[in-house]
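Here's a quick briefing to read alongside the model. Have a look at the structure first, then go through the points by topic.

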Amino acid sequence: MIDMKGVYKTYPNGVTALNGLDIGIEQGEFVYVVGPSGAGKSTFTKLIYREEKPSRGTVNVIDIDISQMKERMIPKLRRQIGVVYQDFRLLPTLTVYENVAFALEVIEEDPKNIRRRVMDVLDQVRLKNKARFLPDELSGGEQQRVSIARAIVNHPKILIADEPTGNLDPDTSWEIMHILEEINESGTTILMATHSQEIVNTIRKRVIAIEDGMVVRDESRGEYGYEH
Ligand SMILES: Nc1ncnc2c1ncn2[C@@H]1O[C@H](COP(=O)(O)OP(=O)(O)OP(=O)(O)O)[C@@H](O)[C@H]1O
Ligand SMILES: [Mg+2]
C-alpha cells in the first residue's frame, strides 16, 4: 500500500528532514509514527499525499510511483487519501454538513446520494445532530470529528492523521482514537503521527520511530519509547 525505498528529503533551505527511509506498510495496518520534534514525521506523511516530493528515492503509494507522478494526476491520488491535522482546518464560514459535503467529489453525483453519504459519515463520528452548526459552535473534539468525517467521506484507502489529538484533552482524545479504530476496522490503512505516550502504550499497534530522518525502531504492537 505504501512503500518507500531510500528516501531523502532536503528542503530548499538546506535542512535535511529525511535521511534514507525504507518503510513498507500493508493495506489495513494501523501505524503510529513517533519520534522527537523535528525528527521528520510530518515530512514523511507529506510525501505520501504528494504535499512534498522526495529529493531522492522511490515513494510507492497504492501501486503508483508518486515521486514520478505528473501534477495533473495528484488530485486523483488525493481522493484516495484522507488527511487529518492537529488544528482541524475546517472552513469557518461553512456548516458541519457543508464542510463535509464540500470534500465530496460532486461531479455527477446525485444530490440525494451526497446527502445520504454526508449524513452517514456524520453518524459514524456521532455528529448527525450538529450538521447545521458552524465550526466555532463546536468543542475541539467535535471539530476534530468533523475533520475526520471530511477525510473519510470519499472512502479513502489511506487515512493520515498528523497529531490528531495534539490539541485535545485526554477524554476527547480517547473518543477520537475509538473513531480511528473503527475506521481502521473497516479496512482503511491508518498512519498516525503522535507524541502521546499514553495512547501508544494503551491502544497497541505497530510503532515506527523516526529520529533524524531515519527509522530507528519498527515494532508490531510496540511502545512509545520516549520519556514525556
Ligand atoms: N517546509 C519546510 N521547509 C524547510 N524545513 C522544513 C520544512 N518543513 C519541515 N522542515 C524541517 O524539517 C525537519 C523535520 O520536520 P518535520 O515537520 O517533518 O518534523 P516532525 O517530526 O513532524 O516534528 P513535530 O513533532 O514537531 O511535528 C525539521 O528540522 C524542520 O524544521
Ligand atoms: Mg510534525
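**Aromatic rings and burial**

Tyr 224 is buried, at a relative accessible area of 0% (buried means under 20%, with a 1.4 Å probe and protein chains only). This is a predicted model, where local features need pLDDT of at least 70, side-chain atom pairs count only at pLDDT 80 or more, and totals for chains, interfaces and linings use all residues. Residues are numbered from 1 along each chain as its sequence is written, ligands are numbered from 1 in the order in which they are written, and side-chain values use heavy atoms, leaving out hydrogens and water.

- Tyr 226 also counts as buried, at 17% relative accessibility.
- There are two aromatic pairs in the structure (ring centres within 6.5 Å).
- Tyr 224 and Tyr 226 make an edge-to-face pair, because their ring centres are 5.6 Å apart and their planes sit at 75° (edge-to-face means over 60 degrees).

**Nonpolar cores**

- The largest nonpolar core has 43 residues, and Tyr 32, Leu 122 and Leu 180 have the most contacts inside it (a core joins buried Ala, Val, Leu, Ile, Met, Phe, Trp, Tyr and Cys through side-chain atoms within 4.5 Å).
- Another core, of 30 residues, lies apart from it and includes Val 7 and Met 69.

**Ligand 1**

- Lys 41 has a side-chain N or O atom 2.7 Å from an oxygen atom of ligand 1.
- His 195 puts a polar side-chain atom 2.7 Å from a ligand 1 oxygen atom.
- The protein covers 66% of the 630 Å² of accessible area that ligand 1 has on its own (Shrake-Rupley method, 1.4 Å probe).

Key
Phe/Tyr/Trp six-rings, centres within 6.5 Å; stacked < 30°, edge-to-face > 60°. Buried < 20%, exposed > 50% of the residue type's maximum accessible area, 1.4 Å probe, protein only. Polar contact = N/O pair within 3.5 Å; in protein donor to acceptor, adjacent residues only side chain to side chain.
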